[in-house]
Structure formats: C-alpha cells, structure tokens
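Thanks for coming. I will talk through one model this morning, starting with a pair of packed helices and going on to the sheet, the hairpins and the salt bridges.

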Amino acid sequence: MNSVLVASNRGPVSFTVSDDGELTMKRGGGGLVSGLSGATKDDGVLWVCAALSDGDRSAVRLTPGGRIDQAGYDIGKVRMLDIPPATFHRAYNAVANSTLWFVNHLLYDIPNSPSFGTRFAREWESYRDYNGAFALALAEEAGHGARVMVQDYHLTLTPAMLRAERPDLRIAHFSHTPWAPPEYFSLLPDAVAREVLEGILGADHAGFLADRWAQAFMDCCEALLGAEADRAGRSVTHQGRTTRIGVHSLGVDGDALWERAVEPDVESHMAALREQVGERSLIVRIDRTELSKNIVRGLVAYGEFLAAHPEWHGRVVHLAFAYPSRHDLPEYREYTAMVQRCAQEIEDTYATEDWDPLILNVNDDYPRSLAAYRMADVLLVNPIRDGMNLVAKEGPILSPRCALVLSREAGAAAELGPHALVVNPYDITETADALHEALVMPEDERRMRRDKLHAAATALPPQKWLAAQLDALGPIDEQQAL
C-alpha cells in the first residue's frame, strides 16, 4: 500500500499507437506535469491519472490494474484509469474545460453564455462519475493514514468523495488555475457551485498558487456556503470541519531544466533557428493555443510595435510557438485559426525578401521550445488570467539575458513582477511599448533583472513545493501506516 499519492487528470506520460499496434511513450504535456514529474518519480509517489487517448487505453489494458509502471517503463509509480470514453468526454470537455475553466478564467461571453439546462445536468453527472472513479482508485491504493494530493479543477469533488470512503486519510487539494470571485463563480447553478466548494472542503488542506486566488476561494465559501472564513489564519470552517488554506507558489528545478536544455536535440534546434533568423534580436512566446493565453492580443501588440518603430524592421524576429490545445472544443479551433490569421497579416504587411518578422509554429516540440528559451532576448507572457505560468519562470532560467514582459494577471506576477516589465494584458499599446523597452534595455539592467528573475523562479522547485504541502498534512505516522 502507498503512503503518498498524487491524483490528476493528465499523467506523467502518454501513449500513441501506430497502425501496426506498437505503443510509443512520450512525456506528458502541460505545466502541471512539468511541475510534478521530477518530484513524484524521485520520491516513490504513486501517481493516479486518467487514460486520455486510445494509446493510453491500450497501455492500460496491457497492464494489471492499470499499473503501467509494472510493464517495464522507467516512469515512477503510475496507475492509469480507463474511464469510459463518453463519461470522460462529458466530464473533461463539457464540464472541466468548458465550464469550470471558463468560470475561473473569467472567459464567458456573458450575453450569450453560459446556459445550464438538462444537457448540463447529464454532463455534471458524468463529472461526478469521473471524480468517483478517482476517489475509488485512491481508496484502493492508499495505505492507512496515507497522504493524498488531489490536483486541479478536474477533480474538485474527489476530496469529499474520498473522505467519505476513507476518513483515515489526510487529503490535500491543489488548484493550478485562478479562482473566480463570488459574483462570477455564482454563474454556476447554485447546487453545482456548492458541490464544487464542498468537494474541495472535503480536504484537510486546500492549496493555491497565489494569495489572490486563495482569498477568492475563501470569499466564495463565505458568500455561497455561509462558511466561516478566517483570512488571517487562512482556514475555512463549514459543517463542523475546518480546511486549512495554503499558498504554494510553484517554481522550476533549474538544474534539471538546464540538463535537458543542453542535450543534442536542443542544440540542433538552436542551430536551425539561428540559421533561420541570423543575428537578429528575438522576442519569444511559448504557449498552448488556450483562450486565456491572450496570443492574439500579443501578436497585435507586436504588429503595433513594428508600426511605431520602423527602425527595428529587419532587426527583430518574433518566434511565436502556439501549440494546439483542446481542439475538441469549437472555441479553441476558432481561436487557433484567429492566431494564424493574425500572424499572416503581420507577415503580409512587413515581410521582405530577406526578413520574416514573425515565425509562427503550431506543432508541439519541447526541444525546440527549450532552444527558443535559450536564444530569447525578450520573453512575452501576457495571459488575461493564469494560475501561475511556468513559461515566465523557465525563460529567465535558460536565457542569460532575457527581459520579461509579463501580464499583471498571471499568478507569477506576484513573485516576478518587481523584476519584469508588467503590463495590462488588455492594453495592446502598453504591451507594444513594453516590447520596445525590453529590446532597448541597457545590458547591465537586463542581466541584473534576469538574475533576480532566475532566483525567484527557482526558489520553490517542485520537490520543495510538494514537500511543503505534504508537511501541511503532517508527518507520516509509521504505526498507522503499518
């Protein structure tokens, strides 16, 4: 039985299946996986996750009980859950990504959405079933008195469900997203809003990436549940139980990142990019084509910068890596198309025979992203709302002279803001001006800022981040664990 467990929708690896049936494994994507992979593998933590694809489901069916680590893969301890595809689709796409994500990132087009009717009721039931599958698996795998860390908005109901099954466990829930204020969170049906809040309050400890998100959660509990929120002591008491509230900013393991960033495939991408762009200054952005990442406004700001500063024509290139995200949802397909149209307009307006002002790439390639980080003179991170944003932290670690243009609405702004050029993500002109300021920044100031960004970004690497939350649950009671 396991004394420490982590549960998340996406796991540390994913599988693809070829036409001849051969399985290929690769690293899982997303900031959560990046943050947790090293810590969980090194410390022998069991990671419980969902099968997301046909390849994942094939891998699960070839292993006893979904323990894919027992098939010879060097991936730490991983159990992957084969949840029925229809249930998974409704829980993941219709509820987690189209509802809870939209609420907490304030993404709704309010005159037109959301609308909650009988269809949503069926989708919500699938979300319950999905959370229940995780609760059951964790209850099966956890030793007596074990510590369980449940991750993110996909699994808001799991803590309360797991507590009902296993009251002996010590449970934490961590939100990697922002949290909406009560007036926006209450867009959800009243019963659903209460169920989400009470689900998380089933945990002993609820963690957030920034103080503002923790405060918003406590505000929601107070306004919508009538719970007692102790903001000074960071706790919420509801129906006789008290949940401690923690703020745990997630940093980067700088040594591990550098070790990966100097491997031959990254060096090869650096050479190819340098041949493509020459010695021009580089503005880099690396994002998923996620609505909250604000890629279109970032591209428009770059176009406005070029219009205002013709002296930079031919001397700067914007490397914009916008990797596909959630293409099952029509809003995301259209957003990706908008990004491509905006990029083409910049090319059509400014490109010359010997200068491409913008290089847009929508094919996910982690080594190429690392190469771009290392080459960046300016890193643009301008989300309209973000729980943390690890890109803002990874760039200054890998680039020796990176100036960071950072949205004030990213959770990372709380730590990195004093050393970055902070912008209102809705203000295109301000963002364009910040790009220019970053490019002309004196070298000594550039390096001084970068060194401070580096120190802040590596202050709480994943191992320490995980340990801090485990500490909040208390030490393992060896007598109980026997």
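Start with the contact between two helices: Lys393, Pro396 and Ile397 in helix 14 meet Arg450, Leu453, His454 and Ala457 in helix 17. Contact here means heavy atoms within 4.5 Å. Helices (H or I, at least four residues) and strands (E, at least two) are DSSP runs, numbered from the N terminus.

Before going further, a word on the source. This is a predicted model, in which local features need pLDDT of at least 70 and side-chain atom pairs count only at pLDDT 80 or more, while totals for chains, interfaces and linings use all residues. Residues are numbered from 1 along each chain as its sequence is written, and side-chain values use heavy atoms, with hydrogens and water left out.

Back to the helices. Two packed helices are described by the angle between their axes and the distance between the axes. The axes of helix 14 and helix 17, the latter spanning residues 443-457, come within 8 Å and cross at roughly 125 degrees. That angle makes helix 14 oblique to helix 17; under 35 degrees counts as roughly parallel, over 145 as roughly antiparallel, 65 to 115 as roughly perpendicular, and the rest as oblique. Axes are lines fitted to C-alpha atoms, for helices over the stretch in contact, and angles run from 0 to 180 degrees between N-to-C directions. The crossing of helix 14 past helix 17 is left-handed, which is to say that the near helix is turned anticlockwise from the far one by less than a right angle; clockwise would be right-handed.

How many of the residues of helix 14 are buried? Eight of its eight, so helix 14 is mostly covered. Buried means under 20% relative accessible area, exposed over 50%, and partly exposed in between, with a 1.4 Å probe and protein chains only. Among the buried residues of helix 14 are Val391, Glu394 and Leu398.

Lysine 393 counts as buried at 0% relative accessibility, whereas glutamate 415 counts as partly exposed at 23%. The rule for a salt bridge is a side-chain nitrogen of Lys or Arg within 4 Å of a carboxyl oxygen of Asp or Glu. By this rule the count comes to 29 salt bridges.

Six strands form an open sheet in the order 14-13-12-15-16-17, and the pairing is parallel. Strand 14 (358-361) and strand 17 (421-423) stand at the edges with a single partner strand each, so one side of each is left without a neighbour in the sheet. Neighbouring strands of this sheet are turned by 15 degrees against each other on average, direction ignored. Two strands pair if DSSP finds at least two bridges between them. Strand 12 (residues 281-288) and strand 13 (residues 316-323) pair in the parallel sense over eight bridges, and valine 284 stands opposite leucine 319 in strand 13.

Which strands does helix 12 (residues 330-350) touch as it packs on the sheet? Helix 12 touches strand 13 and strand 14, and its direction makes about 160 degrees with that of strand 14. Helix 13 (residues 366-375) also packs on the sheet, touching strand 12, strand 13, strand 14 and strand 15 (378-381).

Next, the hairpins. Strand 9 (residues 228-230) and strand 10 (residues 235-238) run antiparallel and are joined by three bridges. They form a hairpin with four residues between them, and arginine 234 in the turn has a positive phi of about 50 degrees. Strand 10 is also joined to strand 11, by four bridges and again antiparallel. That hairpin has two residues between its strands, and glutamine 239 in the turn has a positive phi of about 55 degrees. Threonine 237 stands opposite threonine 242 in strand 11.

Aspartate 204 and arginine 241 meet through their side chains at 3.2 Å, N to O. Aspartate 204 lies in the loop between helix 7 (190-200) and strand 8 (205-208), and arginine 241 in strand 11 (residues 241-247), 37 residues apart. Aspartate 204 is buried at 16% relative accessible area; arginine 241 is partly exposed at 27%.

Last, a network of salt bridges links Asp54, Arg57, Arg61 and Asp82.
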